[in-house]
Amino acid sequence: MKYSISLRVVHWVMAALIFGLLVVGFYMSNIEADAPDKYELYPIHKSLGFIVLMLFFIRVVTRLRSHIPVPPEGLQSWEVRLSHAVHGLLYISMFSMALSGFMMNSTYAYVEGLDMFGLFTVPDITAKSEYWNSIFHTVHETAAYILVGSLVLHLAGVVKHRFMDASENDVLARMV
Ligand code: HEM
Ligand code: HEM
């Protein structure tokens, strides 16, 4: 049995956005301050990151309302527990990333609101504060490493069950 179509769609849309955001995020924050593309990438990163934040809420509601397939019977109980723990870490880290990014922008003194591709502006939800800005910055950086670590485990699990296990343990088939 597969995950519901709505959960599969939101999983893959978010997976693509999150991969893109990780690559762009590490790239843009590590290049020289005067690199020509640096400040073109920031607004794109922020707008896509805000879309991830909105999709996160849609995903939680979708997950609560849809039927989640039980793990394949051939999995060891430690594998089931580990996969649930990794899914939990992925939820926590993707939410922390998107929220801390938004809060970093909201507390940043040199911008008013979050410009969404020049189409409209999402208002700030906090006062401007250098202190809180640096806290959210640290959360954003730290959560990035937790997200990358849990993604490595997630992908290792998918590959293991697809290529090193019996075919009835292939969890990828449930998500495509
Ligand atoms: C799930 C969503 C997001 C992911 C995966 C993500 C990922 C990243 C990564 C990997 C970095 C580099 C961290 C480092 O300095 O080592 C970064 C930096 C940054 N992100 Fe995000 N981000 C997300 C959402 C957001 C949002 C919603 C905003 C703002 C509205 C945002 C604003 C920023 C800013 C301003 C930086 C640069 C910080 C600096 O200059 O050091 N991000 N992001
Ligand atoms: C190429 C990248 C990816 C592949 C191949 C992949 C594959 C899968 C598969 C096969 C499942 C089903 C596991 C099962 O049946 O137990 C799954 C579930 C899940 N994946 Fe991914 N995934 C990818 C990227 C991501 C990313 C970037 C995230 C979030 C940061 C993510 C978060 C989750 C979560 C939380 C679940 C549990 C089901 C749910 O609540 O949506 N995945 N993934």
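**Helix packing and the iron site**

Helices α1 and α4 cross in a left-handed manner. This is a predicted model. α1 spans residues 5-30 and α4 spans residues 130-163.

**α1 against α4**
- The two helices pack at an angle of about 130°, with their axes 12 Å apart.
- That angle makes α1 oblique to α4.
- From α1, the contact uses His-11, Ile-18, Phe-19, Leu-22 and Phe-26.
- From α4, Ala-144, Tyr-145, Leu-147, Val-148, Leu-151, His-154 and Leu-155 take part.
- By class, this contact has ten nonpolar and two polar residues, with no charged ones.

**Iron atom of ligand 2**
- The protein donors are NE2 of His-11 and NE2 of His-154, lying 2.0 Å from the iron.
- The site has six donor atoms, with angles of 87 to 180° among them, and is octahedral.

**α2 against α3**
- Helix α2 (residues 38-65) and helix α3 (residues 77-107) cross at roughly 140°, and their axes come within 9 Å.
- α2 and α3 are therefore oblique to each other.
- The crossing of α2 with α3 is left-handed.
- α2 contributes residues including Lys-46, Gly-49, Phe-50, Arg-59 and Arg-63.
- They meet α3 residues, among them Tyr-91, Met-94, Phe-95, Phe-102 and Asn-105.
- The α2 and α3 contact divides into twelve nonpolar, two polar and three charged residues.

How values were computed. Residues numbered from 1 in each chain as written. Chains lettered and ligands numbered in written order. Predicted model: local features only at pLDDT ≥ 70, side-chain atom pairs only at ≥ 80, totals over all residues. Heavy atoms only, no water. Axes fitted to C-alpha atoms, helices over the stretch in contact; angles between N-to-C directions. Helix = DSSP H or I, 4+ residues; strand = E, 2+ residues; numbered from the N terminus. Parallel < 35°, antiparallel > 145°, perpendicular 65-115°, else oblique. Left-handed = near helix turned anticlockwise from the far one by under 90°. Contact = heavy atoms within 4.5 Å. Nonpolar A, V, L, I, M, F, W, Y, C, P; charged D, E, K, R; others polar. Donors = N, O, S within 2.8 Å, 3.2 Å for Na, K, Ca; no water. Tetrahedral: all angles 85-135°; square planar, octahedral: opposite > 155°, others 65-115°.
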